[in-house]
Amino acid sequence: MFAKQHAIALIVAGVFAAGAQAGEAWVNTATQAHPLVATLTSAIAAKSVGELAAGQSVHVAVTLKLRNKAQLDTLTDSLLAGTSHKTLSHADFMAQYAPTQAQVQKVVSHLQKNGFRNIKVAPNRMLITADGSAATAKTAFNATLHHFNVNGRTAFANVTAAQVPQSLGDTVLAVHGLQNVHTFHTTLRKSGVQPLASAKTNSVTGHNPTDFPLIYNASSLPAATNTTVGIISEGDLTQTLQDLQQFEDAAGYSYVQTNVINAGDASSDTDGVGEWNLDSQDILAAAGGALQQMNFYVATSMTNADITAAYNSAVSDGSAKVINVSLGECERDAQSDGTVASDDQIFQTAVAQGQTFSVSTGDSGSAECGSTSGQSYPATSPYVIAIGGTTLSTSGTKYSSESVWNGGGGGPSVIETAPAWQTKAGVLTTSKTKRGVPDVSFDADPNSGALVVVNGSNQQIGGTSLAAPLFTGFWARIQSAHGNNLVSPNPAIYQYFKANPSLYHDVTSGNNGGYKATASWDYATGWGSLNVANLNTFINSHSGF
């Protein structure tokens, strides 16, 4: 009986929507028809097996366009040019740039009329999530969804672009959740399981996370007790929090205050425990063993829709000054479903609010997109700092040298325009008009990786999933020493590093497949790794940071 009633309800909703939209044109959003088969990354082979059943569940995340975008662009351009350090309060952002309540209500009404339920509006009004079906997605967004077999996995994708009625064209930016062919993945590698061979020597060995502040010259700074950090994560964090306490006990740290913030429905998935443990333990150690708070912004799954909701949760909450992202996917894939458009808007908001996203560049060397060109997103976003990977050589806890970890992501973006702070530095060579990554790098080789507590036992883990949290913890430490008043470090890094080599360890040997390390900035490791205490001292005497 329920199934029959539900089917009738879907038909009625479709008829109502069709009537409501009679005479009104459809307009495209940033969510394109999925580029199936030939134009997907070479690792994916997909075959359609027909249209998705009308009752198939679909969870969508609708991103709304910001208001006064040109004005916001001017604001963030000034922050990223170093000409201004005045960031927005949450109240100012909501008053000047967030979508209005009236705009939100129009979108909510559209979703309701087309049969969506469990509709939730993010506190900053930039994102609306809802549950529906293939039928409701078709009527609400004029999008047809098909089943696909993808390398033996059953998935679905929209074979037509997502559209909205013309009256919502100035409000809706993109519609996520219409495909799960490509999703985000973690960027960690366990010792001995790296994509490319890497020799282990006596000076290349695993490290307790507590070693890294000594190795990278951060131990003289006070701990980041005034700064809250965020970690973009997914699934069930229960084991991660237990292992974090075991790590704290072993390191002699007091327990850091943690806060688990679900960006959507709670999930029982524990596949990412090793990743979130690597992030949390290394951030805490790099931060000096103390933080004001550690926030986990938790996605329900690794789909683009759910990860976008987690990013927005961190920005809407606004309390984390540095936010770690040890995730990525081929930037071409992220662009096709509107993820780049939506997430860049979120990251731009973070810059305006004085928040820094620290993002790993991936573990596939220069070939994140397989045989096609392209790098890992969101590392290529001009509104984040991209962290690449090195092989670290030490004598005990004393820094010796670094070379390129050949799995570390790096190269020119094929979709993101180079920001002014990068072009002005004159460092781009392969493509002078496209964003180059990474910006800086840290240890990522699994052979020189971190000894992380996972399920109560130590595991040696690397990948750029180690490099990003090291930067996150170190930058939190520097932020804390400067009253959390620093803005995105990228512009100053590109302005000052070349003339001040004591601020970083220049990596000049090795390659990541397509790109070799050279003196100064390069596509293999960016500027190299930070000399944290020297950088902190430099910031004390330079207002440009």
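Author: Begin with the terms for local structure: helices (H or I, at least four residues) and strands (E, at least two) are DSSP runs, numbered from the N terminus. In this structure, Gly-132 belongs to strand β5, residues 127-133. The model is predicted, so local features need pLDDT of at least 70 and side-chain atom pairs count only at pLDDT 80 or more, while totals for chains, interfaces and linings use all residues. Residues are numbered from 1 along each chain as its sequence is written, and side-chain values use heavy atoms, with hydrogens and water left out.

Reader: Is Gly-132 buried or exposed?

Author: Buried means under 20% relative accessible area, exposed over 50%, and partly exposed in between (1.4 Å probe, protein chains only). Gly-132 has a relative accessible area of 3%, so it is buried.

Reader: Which residues does Gly-132 touch?

Author: Contact means heavy atoms within 4.5 Å. Leaving aside residues up to four places away in sequence, Gly-132 touches Gln-56, Ser-57, Val-58, Phe-116 and Arg-117. As for Ser-167, 35 residues apart from Gly-132 along the chain, the two C-alpha atoms are separated by 22 Å.

Reader: How do I read a sheet?

Author: Look at which strands pair: two strands pair if DSSP finds at least two bridges between them. β10 and β16 (residues 327-330) are joined by two bridges, and His-185 stands opposite Gly-328 in β16.

Reader: In what order do the strands of the sheet with β11, β25 and β24 come?

Author: The order in that open sheet is β11-β25-β24, and the pairing is antiparallel. β11 (189-190) and β24 are its edges; each has a single partner strand, so one side of each is left without a neighbour in the sheet. Five bridges link β24 to β25 (residues 457-462), with Val-452 opposite Gln-459. In a regular strand the side chains alternate between the two faces of the sheet.

Reader: How many residues of strand β21 are buried?

Author: Five of the seven residues of β21 (411-417) are buried. β21 pairs with β22 (residues 434-437) over three bridges in the antiparallel sense, and Gly-411 has Val-437 as its bridge partner.

Reader: Now a helix. What does its length tell me?

Author: Compare the span with the expected one, which is 1.5 Å times one less than the number of residues. Helix α7 (residues 238-251) has 14 residues and reaches 20 Å from its first C-alpha to its last, close to the 20 Å expected. Just after α7, Gly-252 takes a positive phi of about 80°.

Reader: Which residues of α7 are buried?

Author: They are Thr-240, Asp-243, Leu-244, Phe-247 and Glu-248. These residues cover an arc of only 145° around the axis (taken from the directions from the helix axis to the C-beta atoms), so they are on the same side of α7. They pack against β13 (258-262), α8 (273-286), β14 (291-299) and β24 (450-454).

Reader: What is a nonpolar core?

Author: It is a set of buried Ala, Val, Leu, Ile, Met, Phe, Trp, Tyr and Cys residues joined through side-chain atoms within 4.5 Å. The largest one here has 113 residues, and Leu-291, Met-294, Phe-357 and Phe-442 have the most contacts inside it. Helix α13 (residues 464-481) gives the most to this core, with nine residues. A second, separate core of 25 residues includes Val-107, Phe-141, Leu-145 and Ala-162.

Reader: What does the side chain of Gln-355 reach?

Author: A polar contact is a pair of N or O atoms within 3.5 Å; within protein, one must be able to donate a hydrogen and the other to accept it, and residues adjacent in sequence count only if both atoms are side-chain atoms. The side chain of Gln-355 reaches the backbone oxygen of Ala-314 at 3.3 Å, and a polar contact of 2.9 Å joins it to the side chain of Gln-353. Gln-355 lies in the loop between α11 (339-352) and β17 (356-360) and is buried, at 2% relative accessible area.

Reader: Where does Gln-345 lie?

Author: Gln-345 lies in helix α11. Its relative accessible area is 7%, so Gln-345 is buried. The side chain of Gln-345 reaches the backbone nitrogen of Leu-66 at 3.3 Å.
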